[in-house]
Amino acid sequence: MSTADMELEEDVFIIHKHENPERLKKWRQATLVLNATRRFRYTLNLEGKEEARNVPSKRVRASTQVIRAVQRFREAGARATNESPPPNGFGVGPRKLHNLIEGQELNFLQQLGGVSSIAKSLRSNLEDGLNEDVDDMILRKEHFGENNYPRKHRKNFFVFVWEAAKDTTLIILMFCAAVSLITGMTSKDEGITEGWYDGTSITIAILIVVFVTAISDYKQSLEFEVLNNEKKNINVQVVRMGRTIKVSIFDLVVGDVVSLNIGDQVPADGLLIKGHSLSIDESSLTGESEPVPKDSMHPFLLSGCKVADGYGLMLVTGVGLNTEWGQIMAAITEDTGEETPLQVRLNGTATFIGKVGLVVAALVFVVLFIRYFTDEYSKSKKANEVASSLSQIFAIAVVIVVIAVPEGLPLAVTLTLAYSMRKMMEDKSLVRHLSACETMGSATIICSDKTGTLTLNEMTVVRTWVAGVFRETKDIRMFHDNVTGILIEGIAQNCTGMVSSLKGKDPEVSGSATEKALLTWGLQIGMDFKSVRSQSTIYQMEAFNSIKKRAGIALILSNGDARVHWKGAAEVILDLCNTYLDEEGRVVRLNNEKVREVISEMAANSLRCIAFAYQNLNNTLLPNTEEHKATWKIPDKELTIIAIVGIKDPCRPGVAEAVSKCKVAGVKVCMVTGDNLITAISIARECGIYTGDGLAIEGSEFRNYNNEEMLKSLKNLQVLARSLPSDKLLLVQKLKENNEVVAVTGDGTNDAPALHEADIGLAMGIAGTEVAKESSDVIILDDNFLSVVKMVRWGRSVYANVQKFIQFQLTVNVAALGINFVASVSNGNVPLKTVQMLWINLIMDTLGALALATEPPTDDLMQKPSIGLRDPLVTNLMWRNILGQASFQLTVLLTLYYKGIDLLRLDGTKDRKDILRDTIIFNTFVFCQLFNEINARKPEDFNIFTGMLKNHMFICVTVLSAIFQVIMVEFLNKFAKTTKLSWKYWLFSIGIGFLSLPIGYLLKLINVPKKPFITTHKVKRKRRSREDPNPCQQYSNEQLDIEQPTD
């Protein structure tokens, strides 16, 4: 069979991550659906997707090509005169600032006095930022706006009522109810006083179904809205009162000083204060893929763009709707819907069940229709009675369709996803894409970063090698001033962190964990951060490069000389050095092998080794022009090494236990780190990842394997050290090629392709950049591996809860369809009437989903193997339970239908005995479902009551269902076509229902084969290559090469 043929035979109800729109259309077209508005509410709006994608580019073309090209000249001289007076207390107003950023004219900026003058006009300090004064913040929001934009108002409750009422079958039933109402009230036998009961009861039943459905859907929409708002809440680093702190992007105000680093989103419009090697990806506004360099000649920063390289400080000049990005976001309608694999597969299951139900309904209608004209028609040929009888027959067939087409089946996924996402937030996992909740339950391997995920990310310098000798971390002041002076200069200047000193308080250190550790050590050895920084000027800076694994800086000293500093991975820096600085401050020839032994000793103790080196430069070698400076590279040859420090980052408590749980659950854990191999192995062993028979290799070795060697190594690969972002992407691709379901963690911009490519991309919430987060499916808010393992547990719980609901619903389907079909064929009547079946539909649809889809995860989920993406939704164990329970119910109910009057010794008139028998059948059937709902909680376990009392939703739904059943039987007789039952018949109905529990126990003693009775796909083959562009192509080479450490 050809590949093309295989593709044609593949089930349309199986989709993949980033599926193409054409394939998404196919499964919808193949779906049997009665209420498309409701069924597809939480799926992607395919028509609006392309339109929304084009809105920014259309808007940009209009603003950049027309406004900037034409109005720039027309309005250049009129800005000052047209400007409304600035707000009280400020020297510049929002309109003028907006015009400045929109026009991006350097001359206009200079007319306003430059960045420093604008900062003064905004009562801001370029060094210390704003004061944390609440009244001042409120005043700025009043005058310059809030950093937010108006969003589309959510749908009110009555919209959900209308959508629930648009169900095709409910509309038909309303028509039947109207016919029944008219014919009943015009009938001579019943008249107005009695004839309205049938039609009105059906109408009320429909309204109850509609409103219960609407309430459930409305509640889900509110939960999704809360979670979607949380996704937009980005934390931004700002300088306030001289301290670098994190605030919500929504709390940003005009005048704030914001710190920008690689991968950050520019949170507002602003002006560059200072920066080094800063380049901005403005493709979201201009469509241009090339990053735009920013410096004093190009200081304009636009909200919504991404930092591609370097770092800098910006002054916020425009927020919210006073930015072009805010106007664009306010103009487009955001579509939060998406397809999830389980949701789509359940649509396939619902379609199959629905088709069976349609056939049954059609047969029932034909049989009842024929029997009516052969038996009943001759007794009365009055038009209104004929119409009433036919409408009742038609209503019965329609209700069978209502029962048979499980509209609630796909929506049960939405319900359990909404519940699970809310609970995952409590477990520090913010789900960005619904499908990740499901797919995580199928994960077979987790490729985890080390720093901050497996470790605490609380780094401390614990070992130092300075000037050729080991010293205590604080004991280097006895060295020559030349040694300590150059080392402290390198620590203070060659960093992106900050030290804030407040009167009467200890200095506060901010920055990445590594920067904080180094700066803290610098303070311990006598560094005065501000003083050191003031003694030299930064000429050029090279941000940390995850390829070269080092950062460099060129300084102009106070005496006019120049000096270069480098720091980075110890072995990388060592390869650039040929001399070292000894205790007397002399430059001495270096013995590289001895220094490598120093590095190995530190690495063997799980220490991260960072080296410092420098080189004095002749300032005549520095470029004289800005043009030459832009292409000039900081010298990195023949350096002099000053020190090597060992940084300890302890393993997180509980990581070893979590890794062990993953192994028991059939989920392999692989550490992917930028650290050297010895350090990586030591920490992996401590975490329980690395075992004696495992494979630990460096990224350079892995990428040089041929394809066969690479795939072979995946079986035992446990540690990938000194890895590049491209190595992580390659690893993910090869694992997927090997049919693994891959979850990968990442924090840097360069991790974005791997996060995008993985089945589940997990970005770090604390250390992760905005680019990484936007490429991920889940954000781990506490950067903790334990939260990743909890995510696996929740993923399996989603799948398990859906299977519980399927088992429960299919049992109701088989029993309800079976008894009505057999009864109608045999004697032309049905024991379960229209209103009764609508109530049963409510129990098994909305209420059943509420009860079973909100089961919390249990520990036994992590003692089973991973769930295959193509494993059947209905397993052999479920089929055993479904068919066993349905057979029991059908046997009991059909016995009651045919022999119940004699067995129960019912007395009275024939009509009295018939309605009493049918009420007992209805009551028994409902209690069978309520007790079987308890069985469905534990499809495999013998103890079905474990944890039941902890699930308050399950208890509430079950108790309320039982109470309402009592009301229907005892008080709503004409409404539900029932009669009051004596206590012995109540005990009988409850007793028969209770038998579902021991029968469920006995069924679990029956062994079933492991091979599925029914498969969910037609062709068993390797995972299809997605018709999706290569994720690597979405990122420039610079983005793939230049960033923070992989780890």
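**Figure 1. The loop between E1 and E2 contains Met 241.** In this predicted model, strands E1 (residues 235-240) and E2 pair in the antiparallel sense, and six bridges join them. The two strands form a hairpin with two residues between them. Met 241 has a phi near 55°, which is positive even though the residue is not a glycine. Most residues other than glycine have a negative phi. With a relative accessibility of 40%, Met 241 counts as partly exposed, because this value falls between the limits of 20% and 50%. Strand E2 (residues 243-248), by contrast, is mostly covered, with five of its six residues buried.

**Figure 2. Asn 457 lies in the loop between strands E9 and E10.** Strand E9 comprises residues 445-448 and strand E10 comprises residues 460-466. Asn 457 is not a glycine, yet its phi is positive, at about 60°. The relative accessible area of Asn 457 is 24%, so the residue is partly exposed.

**Figure 3. Helix H20 covers residues 513-524.** At 1.5 Å a residue, the 12 residues of H20 should span 16 Å; the C-alpha atoms at its ends are 17 Å apart, which agrees with that expectation. Ala 513, Thr 514 and Glu 515 are among the buried residues of the helix. Further along H20, Ala 517, Leu 518, Leu 519, Trp 521 and Gly 522 are also buried. Just after the helix, Gly 526 adopts a positive phi of about 100°.

**Figure 4. Thr 919 is a buried residue of helix H35.** Helix H35 comprises residues 910-937. The relative accessibility of Thr 919 is 0%, and the residue therefore counts as buried. Which residues are in contact with Thr 919, leaving aside its neighbours within four places in sequence? They are Val 969, Lys 977, Thr 978, Thr 979 and Leu 981.

**Figure 5. The protein as a whole provides the setting for the close-up views.** The secondary structure comes to 40 helices and 26 strands. Of the 1047 residues in the protein, 56% are buried. Among contacts with a separation of 6 or more, 75% involve residues 24 or more positions apart. The accessible surface of the protein comes to about 44,300 Å², and carbon and sulfur atoms account for 56% of this area.

Terms used:
Residues numbered from 1 in each chain as written. Predicted model: local features only at pLDDT ≥ 70, side-chain atom pairs only at ≥ 80, totals over all residues. Heavy atoms only, no water. Buried < 20%, exposed > 50% of the residue type's maximum accessible area, 1.4 Å probe, protein only. Helix = DSSP H or I, 4+ residues; strand = E, 2+ residues; numbered from the N terminus. Pairing = 2+ DSSP bridges. Expected span 1.5 Å × (residues − 1). Contact = heavy atoms within 4.5 Å. Areas by Shrake-Rupley, 256 points an atom, 1.4 Å probe, with all protein chains shown as cover.
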